[in-house]
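Hi,

Here is the structure I said I would pass on.

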Amino acid sequence: MHARFPDFRLGNVLATSFTGTLSERHGDSVERIPAPQRLIDWLAVYGLAVDSCTTAQLDRARELRESIHAAATAAAIQDALPASAVQVINDCSAQGRASAILTPEGNRQWRLSSASCVEDALSVIAADAISIIAGERDGRLALCASPTCQAAFFDTSQSRTRKWCDMNTCGNRQKKARFHANQRKNPRSAE
């Protein structure tokens, strides 16, 4: 990974992890795939390795990312899915040539051929988004409680009451802020 770029926020759900390549959407946003090579790097982390990426493909990936975010956000608040977002997700899903394979552990894994391109990888991400937005997987879509983040994430916790997209970033920041606010209200409690 390139040191001059911000670290990726990695998660267990492909589609919502992909939307996390733009974080702090309601604050000072952080673009984690600012260049074509960075998208190649992110795809490789998720087992969707491609050899090259053009600026146009990066733009299409960002369009898919924002469409997934819009649709997942609508689903999380039980609102109507934006038609334009649904169209982009469906178009990307239909364009790819990825194959689902079964691992020896009984899990589904996506395989791209050696001649695969970015569109093939995007189709896998779009298919994953379809499965979570359609409610086909065990979990629920939720929005991060951080006022600067509000990222859509897929909550698979037992209670389905997770508040943060990532406990190490948003959750930790909120807990620190609450601690410092309590310290200001009760300065003697630190003694």
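Predicted model: local features only at pLDDT ≥ 70, side-chain atom pairs only at ≥ 80, totals over all residues.

The overall layout

The protein has six helices and six strands. Starting at the N terminus, the order of elements is α-β-β-α-α-α-β-β-α-β-β-α. The C-alpha trace spans about 65 × 40 × 35 Å along its principal axes. Of the 191 residues, 39% are buried. If you take the contacts with a separation of 6 or more, 55% of them come from residues 24 or more positions apart.

How the helices pack

Two packed helices are described by the angle between their axes and the distance between the axes. I looked at two pairs, both involving H4.

Start with H4 (residues 83-95) against H5 (residues 118-133): their axes are 7 Å apart and the angle is about 130°. An angle in that range makes H4 oblique to H5. The crossing of H4 and H5 is left-handed. On the H4 side you will find Ile89, Asn90, Cys92, Ser93 and Gln95, and they meet Glu119, Asp120, Leu122, Ser123, Ala126, Ala127, Ile130 and Ile133 of H5. Sorted by class, this contact of H4 with H5 comes to seven nonpolar, four polar and two charged residues.

Then there is H3 with H4. Their axes come within 8 Å and cross at roughly 125°, and H3 and H4 are therefore oblique to each other. Here too the crossing is left-handed. From H3, the contact uses Arg60, Glu63, Leu64, Ser67, Ile68, Ala70 and Ala71, while H4 brings Ala85, Val88, Ile89, Asp91, Cys92 and Gln95. The contact of H3 with H4 divides into eight nonpolar, two polar and three charged residues.

The cores

Which residues have the most contacts inside the largest nonpolar core? They are Phe18, Leu39, Leu64 and Ile125, in a core of 36 residues. At least two residues each come from helix H1 (14-19), helix H2 (36-45), helix H3 (55-76), H4, H5 and strand E6 (152-155). H5 gives the most to this core, with nine residues. Another core, of eight residues, lies apart from it and includes Cys149, Phe153, Trp164 and Cys170.

Ile125 is found in helix H5. Its relative accessibility is 0%, so Ile125 counts as buried. Leaving aside neighbours within four places in sequence, Ile125 is in contact with Leu14, Ala15, Phe18, Trp42, Leu43, Leu48, Leu64 and Ile68.

Not counting residues up to four places away in sequence, Gln57 touches Leu39, Ser52, Cys117, Val118 and Glu119. Leu39 is also one of the residues with the most contacts inside the largest nonpolar core.

That's the lot from my side.

Cheers

Terms used. Residues numbered from 1 in each chain as written. Heavy atoms only, no water. Axes fitted to C-alpha atoms, helices over the stretch in contact; angles between N-to-C directions. Helix = DSSP H or I, 4+ residues; strand = E, 2+ residues; numbered from the N terminus. Parallel < 35°, antiparallel > 145°, perpendicular 65-115°, else oblique. Left-handed = near helix turned anticlockwise from the far one by under 90°. Contact = heavy atoms within 4.5 Å. Nonpolar A, V, L, I, M, F, W, Y, C, P; charged D, E, K, R; others polar. Core = buried A, V, L, I, M, F, W, Y, C linked by side-chain atoms within 4.5 Å. Buried < 20%, exposed > 50% of the residue type's maximum accessible area, 1.4 Å probe, protein only.
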